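Here are my notes on this entry, with chain B as the focus. Please read them with the structure open.

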Amino acid sequence: MNTVLLIAREEWRLWARSRVVLVAALIVAVLLAVTSAITAARVGDEAAKRTARQASAEATFFAQPDRHPHRMVHYGHYAFRSPPPLAAFDPGVDAVTGQSIFLEGHRQNTAMFADTRSGADLGGFAALNPANLYQLLLPLLLIIIGHGMVLRERESGTLAVMLAQGQSGLAIAGGKALALAGVAALFLLPVAGLAGFSVAAGEAPLAAAILVAGYALYLGVWVALVLAVSLLVRQRSVALGLLVFAWLLIALIVPRLAINAGSAAVDAPGKIESDLVMLAQQRALGDGHNAADPAFDALQKQVLEQYEAASIEELPINWRGVVAGYSEAKLTDLMNGYAEARMQKEAQQSRIVTLFGLVSPTLAVGASSRTLAGTDLATHHRFLRESEALRFDFVQGLNDLHAKALTYADDAARSADPEAEARTRVNADAWRLLETFRFVPDPATQRVARAGLPLALMLIWLAALGGVIAVGARRLRP
Amino acid sequence: MTPSLEARSLSLVRDGNVVLNQVSFTAAPGEVYALLGGNGAGKSTTLLTFLGFLQPSGGKVLVGGREVAADIEAARAQIAYLPEAASLYGHLDAYENLSYFLDLAGRKVTRAAIDAALDQVALPHAARTRRMQAFSKGMRQKTAIALALLRDTPILLLDEPTSGLDPVAIDEFHDMVKALAAAGRTVLMVTHDVYGACQVADRVGLLRGGRLVGSFEAAEGQRIDTETVHAAFAEREAA
């Protein structure tokens, strides 16, 4: 048998006979299995509910009676972001960004959270998911199991015996690395299983496979770090202390610092703050409900010229509808400008946090995981853009009806004249102009491309630690 | 004839302290060389340089006529090493330990061969399938000696090999070392047991403060005189 495999097999035999290792591994395995099952059930339930609510919202919109088109503009509609299949492993930003938006005329509403049917989730335990466990808990397990891999041999004197059998330090380090990597591989089975289920649920195999590979890379980094410390440090207690400190830094402190650094480097105003700033510019655009607003004088002149009409009453189209459409377009341009600026700043902050992956592989794997799962910030931004496009299209469709299906005279008189009011009611079949909305993640190739940077950062970590291990192994002495 | 082991003006400085100072000796095939000395004399350090675990600060160590530093793995392949604290795995039994370390050395041995070696060191049959964490020091030492025997190498480096053995086992061990030498093996043994060294060694080197301060050789067909060596040892230590 190959000596590297022989050394690894012996390490596995030791761990299999060690109660501490078995108990630690069992605790993590149970936690992983339970969390995976609960998260998968929860996300599956959420996906079904949001899909059902989306269909229900559309059905309700279509079922509205004959009425004035502008009433439908304000009746509004909902867009739901259904969680993709891999959200069962990594729900990502789902818990903090909101999952649905109320779409209506003249407004870009903030994404909101679905109603909570039970107070049981509100303690925060629902935030525990398989991705968290892989990112935070698995490294700790590898530290507990592996910190003494080489040091135990050194302290007990068996390292001298191993070397005296003609084994090189590189072979010993290789065997130890293989042993701990074997444990990591064993614990990759749950994520591989969830990835398999997600593929069965419609996820692209490429995205699922790269997500699993990303976690393999991440655990590989920890295996290398644990081995490097076990090779270079002379005492087990020091090695354990160093590795736990490294875990605190990498998994908890640096991610926190990265978030603060991202916020400090790029000042991204919140939606409410930018809405307040936008108000003054919004007023200058005019009130779309008031066709006589001086802000639309130039438009009126242009439309009258276009239709060679002397007054708005002579126009072949409803001036009020024209104003509503024009006003909505201008307002949407303004709102989109602010929204895009805000999203770009948020994306810059997110990029800064991802770049901190050079210091913390936990940040790198988190970024790649969310991206590949389709639960990252970029995907949420796309949801905001797509839901806004849906909003704009149906509002403008209704405004177009307002301009073309109604006469100006009826529209102007409908408050005082019930017959005119009846004539301004549009047949409910027109509400079919609303397009159905089903939010799906980006194609797998796009997600993989976006995950390239954090995956590369983890490769850099692995290469650097590989170099350290090679040097330490060559110098390995009892 | 090329000596199996040679220390040539071997010096070693660690943390500013001179641990070995111009030590020179050789051990030929079929010879038992005992390095004798008190605590901290540099005996084990000398032995570790032959394994390449420590690099000389000056001089050379050669195994089979080749400098150890030139090919450490090749040197180790010729050596069976018995460390002072018999270091084997506590979670394995004697069979598992011997199989594993022999596999590491690239030696395939049968269960019968392992039993024969364990018989040779008189490890009780009932103990052989017990995990070594339950072994006494002497039983661990016997198992480690069995490993050294099973390696079947031309050179044996033994660090305080009789430590933990009872008097009967010590006598049996001495007989075994002599038999190995008679079969052409080279044995370098470090010990502070004057009597044991004189019982088994063809030559004895006396180390003190990292210097080889005396050398004793048995006359043809005789053993080294214990009293002479003891007197020199005591004199040097007192000095």
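**Notes on chain B**

1. Chain B holds an open sheet of six strands, ordered β6-β7-β8-β3-β9-β10, with mixed pairing. β6 and β10 (211-217) of chain B are the edge strands; each has a single partner, so one side of each lacks a neighbour in the sheet. From one strand to the next, the twist averages 15°. Bear in mind that this is a predicted model.

2. A parallel pair. β3 (residues 32-37) and β8 (residues 186-191) of chain B run parallel and share five bridges. Within β8(B), V187(B) is the bridge partner of V32(B).

3. Helices on the sheet. α6 (residues 167-182) of chain B packs on the sheet and touches β3, β7 and β8 of chain B. Its direction makes about 150° with that of β8(B). Helix α5 (residues 137-151) of chain B lies across β6 and β7 (155-159) of chain B. Relative to β6(B), α5(B) runs at about 180°.

4. The annotated domain. An unreviewed UniProt entry carries the annotation "domain: ABC transporter" for residues 5-234 of chain B. Over that span the chain is 36% helix and 27% strand. The end C-alpha atoms are 27 Å apart.

5. The interface. Here 19 residues of chain B are in contact with 20 residues of chain A. On the chain B side, α2 (72-77), β6 (79-82) and α3 (94-104) each supply at least two residues. α3(B) gives the most, with four residues. By class, this side of chain B has 13 nonpolar, three polar and three charged residues.

Terms used
Residues are numbered from 1 along each chain as its sequence is written. Chains are lettered from A and ligands numbered from 1 in the order in which they are written. This is a predicted model: local features need pLDDT of at least 70, side-chain atom pairs count only at pLDDT 80 or more; totals for chains, interfaces and linings use all residues. Two residues are in contact if their C-beta atoms, placed from the backbone, lie within 7 Å. Ala, Val, Leu, Ile, Met, Phe, Trp, Tyr, Cys and Pro count as nonpolar, Asp, Glu, Lys and Arg as charged, and the others, Gly among them, as polar. UniProt positions are given in the numbering used here, feature names are shortened, and annotations may be inferred rather than shown by experiment. Two strands pair if DSSP finds at least two bridges between them. Axes are lines fitted to C-alpha atoms, for helices over the stretch in contact, and angles run from 0 to 180 degrees between N-to-C directions.
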